[in-house]
Amino acid sequence: MYSYANPTLPSNPRRRGVHLTPLGLKKLRNAIDELEFEENYGEKYTLKDLSYRVKLDAVTVSKVLEARLGVDKRTLERCFRSLNLELDSSDYTKPLLKDERSQIPVAAVAPYAHPQQDLREGVEVSVFYGRTHELAELEQWVVGDAPEQRLCQRRRLVAVVGMGGVGKTALVAKLVEQVSSQFEIVIWKSLRNAPPLKDLLTAGVQFLSAQPEMQLSDSIGIGISQLRAYLSQHRCLLVLDNAESIMQGGVLAGNYREGYEDYGELLHQVAETRHQSCVILTSREQPKVVQRFAGAIAPVQTLHLQGLSEAAARELMQARGVVSGSDSDWQVVIGHYCGNPLALQIVASAIQAYLHGDLREFVRHLQQGQFRFRDICTLLEQQFERLTQLEQQVMTWLAIHREWASVQELQDQIVPAVALWELLEVLDSLQQRSLIHKRDCQFTLKPVVMEYVTGSLIERVCQEIATGASHLCKNTGDSNVVCGVQRTD
Ligand SMILES: Nc1ncnc2c1ncn2[C@@H]1O[C@H](COP(=O)(O)OP(=O)(O)OP(=O)(O)O)[C@@H](O)[C@H]1O
Ligand SMILES: [Mg+2]
């Protein structure tokens with residue numbers, strides 16, 4: 001990361017002069033980072049630039065930054081002064097001899113002399129198709145493009161939002177592979193088990209400070225400030241995967257679960273305050289703070305992730321044994337599952353296992369509605385169960401309607417009547433959850449979602465007919481539901 005090392009320096013130093021301690025080196029590097037951020041568009045200074053800035057020759061600057069070889073104490077003072085720092089006695093020490101050096105505990109070594117990564121909760125992507133455009137766009141937001149535009153292009157908070165299984169985690173993992181060398185620290189945290197913010201902050205600060213025993217104060221505000229200090233002093237990339245786990249189900253999209261509201265404060269501060277790091281979220285629904293800050297030049301940006309391109313989806317299915325099929329067969333299947341890689345993996349495995357890889361045969365069954373995959377239903381069920389009652393009602397009506405529907409049509413059909421503002425709120429929330437398509441102020445369900453909603457509607461109607469109950473009919477406007485289902489299925 002730093003390119004200041006001088007390969008011509010001797011490897012066996014003698015005890016002469018003083019050199020920086022880890023603390024002193026950190027102070028110096030922080031000051032250089034800040035300077036690079038303030039005055040060099042966040043670009044690293046070369047040794048020559050630094051030598052000019054601190055008014056010392058390049059070899060001496062290199063020695064100072066290596067923090068191994070002794071230099072004159074006055075050199076350190078001069079170097080510090082030129083960066084508006086004061087040299088304290090804890091900032092420097094005498095060089096150790098070789099056998100003394102081997103006894104230093106690892107944690108005492110300057111924390112960020114080399115890039116550090118904590119990817120234990122991340123995923124490995126061995127097979128990855130397509131997404132060239134999405135990766136380029138994300139890279140531009142996270143790293144910037146041309147050096148002179150970096151500061152204004154870089155985003156502090158990036159959300160990758162999309163349906164379950166659409167490939168958010170895989171995409172961000174690929175991005176991290178591509179850009180990690182441009183960060184001092186990369187941390188990946190999964191929120192799948194909804195860790196309280198205090199646990200997340202403690203783990204983060206322990207890693208960043210290289211002090212695994214460190215405890216945070218009970219005040220979440222102080223913990224957030226500590227994390228923020230690292231984000232501004234160092235160029236960190238922090239990935240928070242599965243952020244929907246800290247969102248509340250049963251209310252409109254983007255609200256935090258009870259007891260998790262402080263995540264909103266953290267994200268707010270990441271978005272609002274000045275620092276040189278980037279936090280990437282993946283989520284099935286867009287958090288409120290991201291909605292609020294989003295804009296063309298804002299420090300916050302959302303990628304609404306859609307399915308794979310047709311070419312990438314074909315590659316994925318072919319690798320899983322799907323062999324024959326015309327162009328139109330491919331389009332039908334990929335379109336039906338919206339290019340969702342998880343759904344396509346499930347479908348491809350079934351085609352390979354039960355239909356000898358014959359896509360044409362599968363399309364025939366699909367068009368007769370004879371295939372329904374439990375794993376895909378489970379995935380959609382998880383998302384459906386998080387919806388409000390009105391959201392579920394709108395989804396049900398869109399499934400019955402099957403065509404694109406205008407807001408007016410929806411309002412006319414929903415029973416009991418719903419206010420326009422309420423309906424618009426619900427449609428917005430369903431878009432935040434990536435469950436509906438919008439085109440020219442009209443709405444429809446994604447085909448695979450349509451299939452799921454229709455299927456569960458039929459199941460519920462059949463059950464209610466069998467048991468003589470009429471709960472569904474009462475809730476959704478009685479005979480229209482049954483007529484609609486009969487008409488379409
Ligand atoms: N571009 C891709 N090429 C190949 N496989 C992919 C690609 N994108 C995703 N996958 C695969 O699809 C599956 C689902 O992807 P992933 O877990 O990233 O989805 P997700 O959007 O994060 O889902 P969730 O909302 O459940 O977290 C995984 O098995 C992943 O490896
Ligand atoms: Mg994921």
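Modeller: Two strands pair if DSSP finds at least two bridges between them. Helices (H or I, at least four residues) and strands (E, at least two) are DSSP runs, numbered from the N terminus. Residues are numbered from 1 along each chain as its sequence is written, while chains are lettered from A and ligands numbered from 1 in the order in which they are written. The model is predicted: local features need pLDDT of at least 70, side-chain atom pairs count only at pLDDT 80 or more, and totals for chains, interfaces and linings use all residues.

Colleague: In β5, what is the bridge partner of glutamine 117?

Modeller: Strand β3 (residues 116-118) also pairs with β5, in the parallel sense, over three bridges. Within β5, glutamine 117 has as its bridge partner valine 186.

Colleague: Is strand β5 largely enclosed or largely open?

Modeller: Count its buried residues (20 or more other C-beta atoms within 10 Å of a residue's own, C-beta atoms being placed from the backbone; exposed is 12 or fewer, partly exposed in between). Five of the six residues of β5 (residues 185-190) are buried, so the rest of the structure leaves this strand largely enclosed.

Colleague: How far is alanine 159 from threonine 302 in space?

Modeller: Alanine 159 sits in strand β4 (residues 157-161). It counts as buried because it has 28 C-beta neighbours inside 10 Å. Its contacts (C-beta atoms, placed from the backbone, within 7 Å) beyond four places in sequence are Leu281, Ser283, Gln286, Pro287, Val290 and Thr302. Across 143 residues of sequence, the C-alpha to C-alpha distance from alanine 159 to threonine 302 is 4.6 Å.

Colleague: And how far apart in space are valine 290 and glutamine 301?

Modeller: Valine 290 belongs to helix α12 (residues 288-293). It is buried, because 24 C-beta neighbours lie inside 10 Å. Residues up to four places away aside, valine 290 touches Leu157, Ala159, Val300 and Thr302. Glutamine 301 is eleven residues from valine 290 in sequence, and their C-alpha to C-alpha separation is 7.4 Å.

Colleague: Which are the edge strands of the open sheet of three strands?

Modeller: The strand order is β9-β11-β10, with antiparallel pairing. Strands that pair on one side only are the edges: β9 (405-406) and β10 (436-439).

Colleague: In β11, which residue is the bridge partner of arginine 439?

Modeller: β10 and strand β11 (residues 442-445) are antiparallel, over four bridges. Arginine 439 has as its bridge partner in β11 glutamine 442.

Colleague: Which helices each supply at least two residues of the shell around ligand 1?

Modeller: The shell holds 21 residues (C-beta atom, placed from the backbone, within 6 Å of the molecule). The closest are Gly167, Lys168, Thr169, Ala170 and Pro341. At least two residues each come from α8 (168-179) and α15 (341-354).

Colleague: Which element has the lowest mean pLDDT?

Modeller: pLDDT is the predictor's confidence in each residue, from 0 to 100. The chain mean is 82, with 86% of residues at 70 or more. Strand β7 (residues 278-283) has the highest element mean, 96. The lowest, 38, belongs to helix α23 (residues 479-488).

Colleague: How many contacts beyond four places in sequence does the model have for residues 475-489?

Modeller: Where pLDDT is low, the predicted coordinates should not be read in detail. In residues 475-489, pLDDT stays under 50. The count of contacts beyond four places in sequence for this stretch is 21.

Note on methods:
Contact = placed C-beta atoms within 7 Å.
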